[in-house]
Amino acid sequence: MELGSVLHFLQNKTILVTGATGFLAKIFLEKILRVQPNVKKLYLLLRAADAKAATVRFRNEIIGKDLFRVLKEKSGSQFNSIISEKIALVPGDISREDLGLHQYSNLREEMLNELDVVINLAATTNFDERYDVALGINTLGAKHVLSFAKKCAKLKVLVHVSTAYVAGEKSGLILENSYAMGETLNGATGLDIDMEKKVIEQELNELQAEAATEEEITVAMKDLGIKRAKIYGWPNTYVFTKTMGEMLIEELKENMPLAIIRPTIITSTYKEPFFGWAEGVRTIDSLAVGYGKGRLTCFLGDVKGVVDLIPADMVVNAIIVAMVAHANQPSSDISIYQVGSSLRNPVRYTNLQDYGFRYFSKKPWINKDGKPVKVGKVTILSSMASFHRYMTIRYILPLKGLELANTVFCKYFQGTYNDLNKKINFVMRVVDLYRPYLFFGGIFDDRNTDKLRMLARESRSRDRNILLRSQVH
């Protein structure tokens with residue numbers, strides 16, 4: 001595998017990005033526009049009813065973000081003209097065949113004739129997603145994107161972004177291996193994606209026959225996803241449906257030049273376009289925010305365990321380098337890149353606790369009253385048994401007492417009881433969803449990704465020479 005100049009490859013290329021309003025997609029878009037203004041066109045597929053709705057989403061959820069500050073400063077008065085020239089919005093839906101582009105026949109034909117690269121970043125990352133929704137986007141969506149890519153007249157490469165946690169709850173060194181169709185983590189037999197579609201259809205039909213409410217259908221679909229995942233050894237709906245998406249790609253790719261990127265826990269940007277850009281409170285960020293606000297008084301998990309964190313811009317760099325490396329390289333094999341830190345630069349949960357204590361001691365969170373929040377050491381719950389004891393003493397026993405008082409006082413405390421019971425049930429469900437990652441014992445091998453790093457270093461030297469020549473002329 002050889003890698004030419006990344007900047008040279010991107011010049012005059014036409015790229016489709018699915019899931020365009022997502023966190024990684026925005027960072028990818030910004031970088032391409034910033035480092036290679038001579039890219040020909042970026043088609044952004046986003047869920048929208050029509051072109052007008054797509055434009056509103058683009059303005060509000062993508063280009064209006066602070067992430068594009070550096071690009072706007074660099075482009076100056078030309079920014080709007082660059083966007084109008086380089087960006088084409090595509091109202092679509094990867095959960096539908098042909099990406100839902102049936103009503104946009106001219107745009108569809110244009111894309112099929114012009115596309116050089118497809119980057120599939122569309123996904124629902126909710127661990128507790130409705131099974132029908134997750135299967136539609138993460139599994140069948142991957143199939144639909146591949147099918148569309150295979151119709152493109154001059155496509156050079158497809159890059160599919162998955163997750164390292166398709167490995168489920170494996171421990172030890174986790175290799176960059178693919179999953180064969182029907183393969184399971186626990187050895188169970190019978191995994192069939194068409195059958196999973198039928199299971200969903202049957203459940204929905206039964207719920208509709210019972211005149212279930214939309215809320216009841218949502219709960220049932222969420223429960224079904226978790227149930228089906230656990231039958232075959234995966235801990236939640238998200239990683240189960242992402243794995244089946246990989247299986248379909250492996251099964252159907254033929255000789256399509258293709259790379260699969262498997263990032264670990266994605267954090268804010270490290271360098272590009274600037275340090276620390278994040279969107280909302282993401283995964284591990286919730287621990288930091290909760291601790292800084294003084295609300296995180298205990299931690300459940302193995303404090304000596306490795307938490308695999310990777311900055312978002314590093315993931316985007318891996319996507320771009322894999323794209324260039326695999327362009328015009330048809331192969332029946334599948335190339336997988338696990339992008340993480342656990343093997344080469346591990347961080348442990350105990351490190352996070354120390355970092356958080358030092359940071360918030362020096363720069364405390366200011367509460368709504370304008371007073372600094374004082375942080376301290378948190379109580380460590382190192383097993384599920386200790387967590388259940390903690391919850392029982394702190395919350396469940398008082399809830400039982402409240403239930404008794406509520407009965408004695410003729411339901412006087414019913415509202416308070418219902419509210420507290422709902423919160424406890426919510427916490428227990430969230431803990432059950434995140435438990436596999438709080439006690440995760442795996443280390444992600446990244447030998448394939450390390451090869452990309454070495455190729456990227458060579459490419460950077462070539463790109464520097466290109467930039468120097470362009471400055472001389």
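This is a predicted model: local features need pLDDT of at least 70, side-chain atom pairs count only at pLDDT 80 or more; totals for chains, interfaces and linings use all residues.
Gly442 belongs to strand S13, which covers residues 442-444.

Val157 sits in strand S5, made of residues 157-161, and with a relative accessibility of 0% Val157 counts as buried. Between Val157 and Pro311 there are 154 residues in sequence, while in space the separation is 24 Å, taken from C-alpha to C-alpha.

## Two pairs of helices

How do the axes of helix H7 and helix H10 cross? Helix H7 consists of residues 131-151 and helix H10 of residues 237-252, and their axes come within 8 Å of each other while crossing at roughly 20 degrees. Because angles under 35 degrees count as roughly parallel, H7 is described as roughly parallel to H10. The crossing in which H7 passes H10 is right-handed.

A second pair is formed by helix H8, residues 193-209, and helix H9, residues 214-231, whose axes come within 11 Å and cross at roughly 150 degrees. An angle over 145 degrees counts as roughly antiparallel, and H8 and H9 are therefore roughly antiparallel to each other. The crossing of H8 and H9 is right-handed.

## Salt bridges within a helix

Side chains of opposite charge can pair when their charged atoms come close. The structure contains 27 salt bridges, and one of them joins the side chains of Glu30 and Arg34, with a distance of 2.8 Å from N to O. Both Glu30 and Arg34 belong to helix H2, which spans residues 23-35, and they stand 4 residues apart, or about one turn of the helix. Glu30 and Arg34 are both buried, and they also take part in a network of salt bridges that links Glu30, Lys31, Arg34 and Glu272.

The side chains of Arg57 and Glu61 form another salt bridge, at 2.9 Å from N to O. Arg57 and Glu61 both lie in helix H3, residues 51-63, and here too the spacing is 4 residues, about one turn of the helix. Are these two side chains buried or partly exposed? Arg57 has a relative accessible area of 23% and is partly exposed, and Glu61, at 29% relative accessibility, also counts as partly exposed.

## A salt bridge between two loops

What do Lys65 and Glu279 tie together? Their side chains meet in a salt bridge of 3.5 Å, from N to O. Lys65 is in the loop between H3 and helix H4 (69-75), whereas Glu279 is in the loop between strand S8 (265-267) and helix H11 (285-292), so the pair ties together parts that are 214 residues apart in sequence. Lys65 counts as partly exposed at 28% relative accessibility, and Glu279 is partly exposed with a relative accessible area of 23%.

## Backbone details in the loops

The loop between S8 and H11 is also the place of Pro273, and the peptide bond that leads from Glu272 to Pro273 is cis, with omega near -5 degrees. Glu272, as described above, is a member of the salt-bridge network with Glu30, Lys31 and Arg34.

Two further loop residues have a positive phi without being glycine. For Asn12, phi is near 65 degrees, and this residue lies in the loop between helix H1 (6-10) and strand S1 (14-18). For Asp98, phi is about 60 degrees, and Asp98 is placed in the loop between strand S3 (87-91) and helix H6 (105-114). At 12% relative accessibility, Asp98 counts as buried.

## A nonpolar surface patch

Which residues form a nonpolar patch on the surface? The patch is made of Leu173, Leu175 and Leu343, which together have about 240 Å² of accessible area. Leu343 is located in the loop between strand S11 (335-339) and helix H13 (349-362), and its relative accessibility of 35% means that Leu343 counts as partly exposed.

Methods
Residues are numbered from 1 along each chain as its sequence is written. Side-chain values use heavy atoms; hydrogens and water are left out. Patches are made of residues with over 30% relative accessible area and no salt bridge: like charges are joined within 9 Å, nonpolar side chains (Val, Leu, Ile, Met, Phe, Trp, Tyr) within 5 Å. Accessible areas come from the Shrake-Rupley method with a 1.4 Å probe; for residues, only the protein chains shown count as cover. A salt bridge is a side-chain nitrogen of Lys or Arg within 4 Å of a carboxyl oxygen of Asp or Glu. Buried means under 20% relative accessible area, exposed over 50%, partly exposed in between (1.4 Å probe, protein chains only). Axes are lines fitted to C-alpha atoms, for helices over the stretch in contact, and angles run from 0 to 180 degrees between N-to-C directions. Angles under 35 degrees count as roughly parallel, over 145 as roughly antiparallel, 65 to 115 as roughly perpendicular and the rest as oblique. A crossing is left-handed if the near helix is turned anticlockwise from the far one by less than a right angle, and right-handed if clockwise.
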